[in-house]
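Here are my notes on this one, with the model shown first. Have a look at it before reading the points.

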Amino acid sequence: PFNLDNIAALSNQHPKPTYYQYQYGTAGFRTLGDRLDSVVFRIGILAALRSMKHNSHAIGVMVTASHNPEQDNGVKLIDPRGEMLEASWEVHATTIANARTTEELVNVIQHIIDVVNIDTTRPAVVIYGRDTRPTGESLVAALQDGIRAAGADGRDAGITTTPIIHYLVRATNSKDFGEPTEIGYYTKMTDAFKKLVAGRPKISPLLVDCANGVGYIAADKVKKYLGDTLSLILENTSTATAGALNNSCGADYVKTTQRLPPSLNGKLTPVQRGCSLDGDADRLIYFYIDEKRQFRMLDGDKIASLVATFIVDLVRAAGLQGQIKVGTVQTAYANGSSTKFLAQRLPVKCVPTGVKYLHHAAESFDVGVYFEANGHGTVLFSRNTQETLEKHEPKTPAQQTALNHIINLTKLINQTVGDALSDMLLVEVVLAHRSYTGVEWDSLYTDLPNRLVKVVVNDRNAFVTTDAERRLVSPPLLQQRIDELVLKYDGGRTFVRPSGTEDVVRVYAEASTRVQADDLAYRIAGMVY
Ligand code: 16G
Ligand code: ZN
């Protein structure tokens with residue numbers, strides 16, 4: 001049972017480093033792995049409290065730093081429906097992490113119990129996992145101490161992906177979602193995939209850059225479940241090699257450098273599809289080498305465009321237009337061409353960076369397709385939509401087929417969070433149905449050349465944005481100067497925002513030519529500095 005004396009005793013084994021301030025940001029806590037022992041211990045306690053508050057429903061904890069360098073680590077909490085932690089609790093997470101002593105920690109915990117009104121006699125369940133980082137093992141041990149100190153039932157999912165933890169939490173709490181096991185996750189997803197591609201011509205092999213991370217372990221299992229329906233060629237699979245994780249590979253490398261990972265040189269034949277996962281397998285970027293040997297990237301915006309238009313067509317084919325409205329959600333980072341492409345076909349909303357904002361906005365549509373340009377995204381089918389699909393009576397065999405496809409998509413897609421492997425299978429389904437190679441997919445629209453630069457500033461909190469981060473309200477007058485400059489660039493668009501994960505300010509610029517986009521980005525960076 002929950003007992004503050006137990007917590008105090010164990011807390012002495014997990015002291016907070018004196019000179020460090022933690023902040024629960026866009027992706028939870030994230031910093032060097034060896035600074036996180038006390039934080040993770042305390043998050044174990046907080047997860048237990050959150051479970052008690054939520055009728056003993058399971059809460060998730062994932063230890064990962066995603067696409068960050070190998071020496072970093074991080075921890076984030078997952079809510080009962082498999083979603084990101086509710087914003088009001090981020091404050092509790094930050095407060096609990098920064099308590100300086102055991103005594104202060106006990107007071108902070110008591111305070112949270114009082115203000116949130118938690119019945120600590122209730123049972124608590126915490127499901128947790130970690131990626132392949134070397135610091136993960138000892139951090140999980142600290143987490144287990146926290147869970148035990150709070151008297152909660154801890155369930156170790158081992159070394160696994162972030163989206164699998166989200167799935168397990170949701171499936172544990174809602175019985176009709178799927179089997180709450182890894183096997184349940186793989187079979188739900190791959191069974192739906194097989195039904196969706198049944199009877200289609202065989203799909204050509206897909207090369208998968210696993211970023212030398214946990215995505216490899218999961219992709220290898222997906223490969224076995226798929227059998228010969230889709231052959232996956234797994235690359236960057238060195239999960240045990242020191243320093244290899246995300247190093248010159250993975251989704252973030254590809255997206256930010258707009259290059260093929262050097263380790264894949266010579267491994268892709270012209271027009272063959274490849275894709276990169278990130279270090280915890282919740283982001284996905286596609287690419288191919290064209291006939292002129294040019295590298296072509298198909299990012300989150302291209303995935304959103306491919307998937308959203310496919311679903312719109314299926315809804316119409318099933319005779320459900322008017323009853324089911326499909327919408328998309330993007331951030332300011334979305335390439336201007338993608339926004340134009342999508343807005344001509346369906347509603348598009350723009351929200352601030354961070355999955356919680358996208359996910360929330362996507363819930364306002366019957367079917368909400370959200371992807372960040374960086375490759376994180378998923379599709380949400382509202383409860384009403386799921387009911388509409390179940391009740392619908394198709395008038396023709398063609399309508400029946402389309403309806404079955406939509407229902408199978410609701411199972412293929414991991415609706416709790418962005419999931420690189422589920423998204424990968426989703427893309428493969430659409431390509432198979434459209435008979436597209438990467439080339440036709442790529443030609444949906446042409447990306448505007450763009451540049452992202454980061455600027456180290458004295459105080460990133462001096463940068464305050466509005467209008468979904470597209471405009472600055474502070475520092476004073478800066479936005480006005482930006483507006484004047486951007487007018488001089490053909491097709492120019494730019495914005496400045498403080499990072500939520502690093503101590504920097506980011507500058508994004510796009511324009512109709514490479515030279516102009518670069519020039520605009522560097523000039524704005526000069527103003528910010
Ligand atoms: C985190 C977010 C991602 C966002 C990125 C922005 C989650 C799971 N991940 O990785 O959505 O794009 O941060 O980072 O929320 P930034 O604020 O440093 O630009
Ligand atoms: Zn990630």
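**The sheet and a helix pair**

1. Four strands make an open sheet, in the order β12-β11-β13-β14, with mixed pairing. Strands here are DSSP E runs of at least two residues, helices are H or I runs of at least four, and both are numbered from the N terminus; two strands pair if DSSP finds at least two bridges between them. The edges are β12 (348-350) and β14 (377-381), each with a single partner strand, so one side of each has no neighbour in the sheet.

2. A caution: this is a predicted model, where local features need pLDDT of at least 70, side-chain atom pairs count only at pLDDT 80 or more, and totals for chains, interfaces and linings use all residues. Residues are numbered from 1 along each chain as its sequence is written, with chains lettered from A and ligands numbered from 1 in the order in which they are written.

3. β11 (residues 326-330) runs parallel to β13 (residues 367-371), paired over four bridges. Look for V326 opposite V367 in β13.

4. Helix α10 (residues 300-317) packs on the sheet and touches β11, β13 and β14, its direction making about 165° with that of β13. Angles run from 0 to 180 degrees between N-to-C directions, with axes fitted to C-alpha atoms, for helices over the stretch in contact. Contact means C-beta atoms, placed from the backbone, within 7 Å.

5. Elsewhere, α7 (residues 182-197) packs with α8 (residues 214-226) at about 50°, axes 10 Å apart. The contact uses Y186, T187 and T190 of α7, plus K221, V222, Y225 and L226 of α8.

How values were computed:
Two residues are in contact if their C-beta atoms, placed from the backbone, lie within 7 Å.
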